[in-house]
Amino acid sequence: MLNILKIALRNLARFHRRTLLTSTLITLGIIAVLLFMATAGSFKAMMIGQFTDAVLGHIEVHRKGYVASIDTLPLNLNMQPATVGKVEQVLNKLDVVEAYSERVKLGAMFSNFTETTSVRVNGIDPEKEAATTPLLPGRVVEGNREGALLKPGEILIPTLLARGMKVKVGDTIVLVATNREGSVNGKTFTVRGIMEAVTGPSGRDGYILIDDARSLLRMTQPEVSEIAIRLKNPAQLAQVYAQMSQELSGIAGNDGKSGMASKGPGAGLEVHTWAALSPFSNIANMIDLLTLFIKIMLVSIVLISILNVMVMAVYERIREIGTIAAIGTPPRRILSLFLTEGLLLGLGGAALGTAISLVAIYALNVWKITFNFGQQQGLVLSPAISVRDVAIIAGLVVLMALLASLQPAWKASRMDPVTALGHV
Amino acid sequence: MSLIRAQKLTKTYRTGEVDVLAVRGVDFAIEAKSFVAFVGPSGSGKSTLLNMIGCLDHPTSGKLTVIDTDVGTLDRRGAANFRGQHIGFVFQDFNLIPVLTVYENIEYPLIMVQDWPEDKRRKQITRLLEAVGMSGQEKKRPDQISGGQKQRVAVARALATNAQLVLADEPTANLDHDTAYRIIELMKKMRDELGTTFVFSTHDPKIMSEAEVIFTLEDGRFSQQQTSERKVAAHA
């Protein structure tokens, strides 16, 4: 085998221009794919992190039907205290859960005493919310950032709302909301801070204490609209989602008092991952699709270039093949020789491409490239690629190189020595 | 016992719609350790005969026995194996592998065709380099040596596996007369030293006169078979 390797290497060196051209094509293909995967993956991870760590959490639990009507924030689909207690019992038992936060969500009118607009209000427990969505406190760009995120009677409002309504930190505003029974109630709040928006539906989301929200809605008992959950390891999202769906399937969403919900899987509650709740999941899917297309392009480049080179290599060396066949070289060794040449081309291109890509990824991290995405300004791109992805791409290239060499190598090994020796 | 025996050997090629009878029912026998020439004009069937003896081509009919093997029955793999074990080839265009050195070209059949251990290979190649007068040239590539030297290397490569039979198709056609003569002398010397049977084709009268047995071919048939005085003397 070592001798075949030696001869194959020399053959590649003999046709050095063609070898260089093919290796360069493969190298460039690998660089394109790995850099795209690293940057797109980084962008995707960053944006997912923005949504999960600043707004949604990784998983949310609602009463069945709530998400289907989420635009209206239906108060009649809130979870009752007994249900919330059962969900909390389940969550407290799951090791994979890092934190969770109960929220009361409502639609309200926001008035600065001269103008009025609509606003989505999240009633939260600041400590639990900060543990579940750790980027939330960092979104407060103006106002008092010391101590608790919110105190009774305080509100955090989004930049868009503050700018549109000309409201500043310390101003008093009024929230007017209609409760489940249709009763309207109003309550004054002091603007504690102004928050930068995360692209998506949170552009008009304000935050108040959960008790203030319940008071505004004149709730007689501590209902909850949703429970946001943060996982210790987001990579386990799919497994935890399945486990949680199973664990919560037996809980009735309305305490089982009205008989509206039946027992059994999905009877009263529904569990959603962040992807089901955020439009960014479509962009994430698109990035995955683009990555797939880029991989297909790479495979095509490798296949076509190596096939071309190996077909030419066989064509140009027909007499040589005739000679080695005539002196008794077994067909399988002729096959091995040409396969080894293709394999070496793939290996060389893959190794060089991977090395250059890793250096480029390192350089991009050193240079700290920034970009803007929606309302997010100056996001730092931190390209990264896993060893697994590098191994898959390099392995794919080598495999394609081998496959592309197979036909020309087979042809060489089956060549009739007399015809080959007579080739001009 | 003959090393090569042919009985009613024919070979027909199909060229387009036309059947070409290249060899027409020839009978011959070649003894071991002989130095034989097939001579005749172009298209007379010399190369076809050599190809059939060398298991590169199958007879259309008749029987051809080479080293006790009916080579007409060998399949592709069997023929390759037979060639690798018993037959060496010398080509008109030398056909050395350009990426390998002189040493490696001679070594090639020992590693790619037969699996000789390194020590044994080195001894064999050193001996052959000396025998063909190429000692000191072993590190050169084919493009760094002359035509005559290339053919010397080709002879050494043909003999590397201790082949019993070496077939040489027009081995001197691309060489000047002096060099051609020296190559034939070298082949004869190798026959004398190693006992290898050499069968070559040529259309050069001076070269053919060096053979001990000469088969003259015309239109796929033997028109004449001559045995030189030296051969007769040797057998006397």
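Me: Which residues of α6(B) are buried?
Reply: In this predicted model, helix α6 of chain B covers residues 177–194 and has 18 residues. The buried ones among them are Ala180(B), Ile183(B), Ile184(B), Met187(B) and Met190(B).

Me: Why do the buried residues of α6(B) line one face of the helix, and within what arc do they fall?
Reply: An α-helix has 3.6 residues a turn, so residues three or four places apart point the same way. When one looks down the axis of α6(B), the buried residues line one face because the arc within which they fall is 115°.

Me: What does the face of α6(B) turned away from its buried side carry?
Reply: The buried side of α6(B) packs against α4, α5, β7, β8 and α7 of chain B. The face turned away from that buried side carries exposed residues, and these are His177(B), Asp178(B), Glu185(B), Asp192(B) and Glu193(B).

Me: How far does α6(B) reach from its first C-alpha to its last?
Reply: At 1.5 Å a residue, the span expected for the 18 residues of this helix is 26 Å.

Me: Is Glu60(A) buried or exposed?
Reply: Glu60(A) is found in strand β1 of chain A, which covers residues 59–63, and leaving aside neighbours within four places in sequence, its contacts include Ile227(A), Ile229(A) and Leu277(A). A residue counts as buried if 20 or more other C-beta atoms lie within 10 Å of its own. Because Glu60(A) has 23 other C-beta atoms within 10 Å, it is buried.

Me: How far apart in space are Glu60(A) and Trp274(A)?
Reply: Along the sequence, Glu60(A) and Trp274(A) are 214 residues apart. In space, however, the separation of Glu60(A) and Trp274(A), taken from C-alpha to C-alpha, is 7.4 Å.

Me: Which element gives the most to the side of chain B that touches chain A?
Reply: Where the two chains meet, 18 residues of chain B are in contact with 19 residues of chain A. The elements of chain B that give two or more residues to this side are α2 (76–86) and α3 (102–113). With 5 residues, the element that gives the most is α2(B).

Me: Over which residues of chain A is the pLDDT below 50?
Reply: Chain A averages a pLDDT of 86, and 94% of the residues score at least 70. One stretch falls below 50, although beyond near neighbours in sequence it has 15 contacts in the model, and this stretch is residues 256–266 of chain A.

Technical notes: Residues numbered from 1 in each chain as written. Chains lettered and ligands numbered in written order. Predicted model: local features only at pLDDT ≥ 70, side-chain atom pairs only at ≥ 80, totals over all residues. Contact = placed C-beta atoms within 7 Å. Helix = DSSP H or I, 4+ residues; strand = E, 2+ residues; numbered from the N terminus. pLDDT = per-residue confidence, 0-100. Expected span 1.5 Å × (residues − 1). Buried ≥ 20, exposed ≤ 12 C-beta atoms within 10 Å, placed from the backbone. Arc of directions from axis to C-beta.
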